[in-house]
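Reader: I would like to learn how to read side-chain features in a model. Could you walk me through some?

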Amino acid sequence: MSQRLGDLLVKEKIISQEQLQQATKVQKENNCRLGAALVKLAFLTEEDFTNFLSRQYGVPAINLSYFEIDSSVVKLIPYETAKRYQILPLSRVGASLTIAMVDPTNVFAMDDIKFMTGFNIEPVVASESSILQGIDKAYGAKHEEELESVMQTMNDSEAADVELQAEEEEAAAADLERAADEAPIVKLVNLILTDAVKRGASDIHMEPYEKEFRVRFRIDGVLQAIMSPPLKLKDAMTSRLKIMSKLDISEKRLPQDGRIMLKMQLGGKKKQLDFRVSTLPTLWGEKIVMRLLDKENLRLDMTKLGFEPESLVKFEKAILKPYGMVLVTGPTGSGKTNTLYSAISRLNTPDTNIMTAEDPVEFQLGGVNQVQMKEQIGLNFAAALRAFLRQDPNTILVGEIRDFETAEIAIKAALTGHLVLSTLHTNGAPETITRLMNMGIEPFLVATSVHLICAQRLIRRVCKECAEPMEVPQQTLIDEGFTPEEAKTAKIMKGRGCGVCNNTGYKGRVGLYEVMEVDDEIRELVLVGASALELKKKAIQQGMVTLRRSGIIKVALGMTTLEEVARETIH
């Protein structure tokens with residue numbers, strides 16, 4: 001294997017010809033495997049080598065440190081055989097035995113074990129050091145474990161009985177758990193999670209239908225079909241994700257929410273990842289949606305979010321006031337949380353007490369007192385807000401104003417010397433005022449407490465790698481909202497589609513912002529019960545950049561396309 005493998009490593013440009021020659025020399029001197037020689041010379045890591053073997057021979061790779069080895073399976077293969085072939089038996093399902101191997105091309109070893117055990121052999125590849133450690137642990141500690149369990153039974157027979165009872169009751173769940181812990185399932189689920197991170201996805205959707213099981217990623221705000229695993233893997237994959245999220249795998253009739261915390265090695269860097277998991281029972285099984293919360297994607301620098309300069313000045317002025325209310329509005333997934341976190345990190349100094357009520361807490365911010373809502377025990381936004389007011393706060397963030405009670409307490413807090421930041425689901429800034437009044441808040445309270453409203457959307461950026469100029473008739477641009485002068489000078493760009501952007505022509509996103517300051521003139525309009533349309537006209541007269549206008553500016557700068565702006569805004 002070694003010579004052919006060495007040539008393949010050189011061909012794949014993983015090592016150079018000189019490195020191969022050095023490794024071959026060390027291999028002969030130490031009578032070891034080529035992989036061990038390459039690792040010893042630090043030309044590549046054990047993980048890189050294992051992943052290469054996995055790709056090359058189409059055999060799943062496994063990290064044995066995360067794998068619980070079944071002690072009953074270890075008895076099937078003698079210690080001497082395991083040591084000689086450097087293999088470790090992992091699990092058995094039906095007539096198939098899964099074994100971890102250093103060399104997945106060793107047909108003699110597989111034939112020998114098949115003859116010895118009578119099972120079909122399913123190989124997975126693992127690093128040499130982890131297999132040797134695993135052999136020592138699995139075969140060496142066996143007698144100690146037996147002795148320990150006997151002593152445990154003698155000392156604590158009651159506990160043993162209770163535990164047995166629980167095991168018997170959970171027989172069905174145990175079957176699911178066993179299927180979910182099989183190496184190929186673990187590998188496939190890990191692959192989906194890592195692939196989502198590499199592609200920069202914000203959400204993963206796993207959807208069961210009558211005849212297919214579909215996996216989709218939301219990349220830059222748009223869902224893309226990624227794969228359709230075999231339908232028979234549906235239950236095992238669902239169970240695996242529920243185990244990782246610490247959810248009840250036997251409960252399939254009710255929605256559940258959980259969280260997966262992972263450490264992942266990506267591009268030579270260790271990343272800590274957080275997936276928010278939601279399960280929903282559908283007609284053909286449980287649909288799972290995972291929201292990827294990646295701290296590195298959280299932009300806390302307000303100048304980089306996409307605000308127009310004049311809008312940013314207004315926004316910063318409002319959040320730096322000692323009291324009053326600042327509202328951020330927009331649909332789900334429009335970046336409201338990011339804008340609010342940016343505002344909080346701007347205000348986060350040792351002399352301010354910042355309290356937040358969130359559902360859920362998406363990112364942990366140092367120096368900020370964050371409270372997670374728990375509806376089932378009565379801890380909702382209104383209850384948290386009441387408690388906050390007894391905690392001597394300077395700044396309060398309420399995740400969302402959903403009802404009259406929350407709105408009323410938030411407005412009272414804004415009127416009694418606190419800065420209140422919150423979100424609402426409305427289409428634009430002027431509509432937010434009428435939405436608050438529809439909730440039952442008096443116009444004079446809205447007019448005096450609200451200082452600024454920021455409506456926002458996220459649209460896709462043109463991919464920088466494949467951007468190219470595009471000819472658009474001037475009249476078309478004028479019809480879309482450009483001024484005649486802008487239509488003459490605008491540089492309209494379009495992504496051709498390349499490997500970097502997955503042939504979509506778009507990579508990354510940028511925000512559109514509509515910032516409405518509530519000044520004396522707008523306050524008067526609110527007090528006389530003006531409509532959202534009248535408020536909008538007045539705000540535009542005073543220089544408000546609308547969502548559409550914010551998009552047009554970004555199209556003129558070559559950041560995005562007219563299609564993207566038209567998809568998220570109205571003329």
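Author: Gladly, and let us begin with W284, which counts as partly exposed because its relative accessibility is 38%. Buried means under 20% relative accessible area, exposed over 50%, and partly exposed in between (1.4 Å probe, protein chains only). This is a predicted model, where local features need pLDDT of at least 70, side-chain atom pairs count only at pLDDT 80 or more, and totals for chains, interfaces and linings use all residues. Residues are numbered from 1 along each chain as its sequence is written, and side-chain values use heavy atoms, with hydrogens and water left out.

Reader: Where does W284 sit?

Author: W284 is in the loop between strand 8 (269-282) and strand 9 (285-293). Helices (H or I, at least four residues) and strands (E, at least two) are DSSP runs, numbered from the N terminus.

Reader: How many aromatic pairs does the structure hold?

Author: Rings of Phe, Tyr and Trp (its six-membered ring) pair if their centres lie within 6.5 Å; planes under 30 degrees apart count as stacked, over 60 as edge-to-face and the rest as tilted. Here there are three aromatic pairs. One of them is the stacked pair of F307 and Y513, with 3.9 Å centre to centre and 20° between the planes. F307 lies in the loop between strand 9 and helix 14 (309-319) and Y513 in strand 18 (residues 506-517), so this pair ties together parts that are 206 residues apart in sequence. F307 is buried at 9% relative accessible area, and Y513 is buried at 2%.

Reader: Why is the pair of Y341 and F363 edge-to-face?

Author: Their ring centres are 6.1 Å apart and their planes stand at 75°, so the pair counts as edge-to-face. Y341 belongs to helix 15 (residues 336-347), while F363 is in the loop between strand 11 (354-358) and strand 12 (369-372), 22 residues away. Both Y341 and F363 are buried.

Reader: Which residues do ring pairs link into a cluster?

Author: The cluster consists of F307, F315 and Y513.

Reader: And strand 11: which strands does it run parallel to?

Author: Two strands pair if DSSP finds at least two bridges between them. Strand 11 runs parallel to strand 13 (residues 395-398), with four bridges joining them, and I354 has T395 as its bridge partner. Four bridges also join strand 11 to strand 12, again in parallel, where A357 stands opposite V371. As for cover, five of the five residues in strand 11 are buried: I354, T356 and E358 on one side, M355 and A357 on the other.
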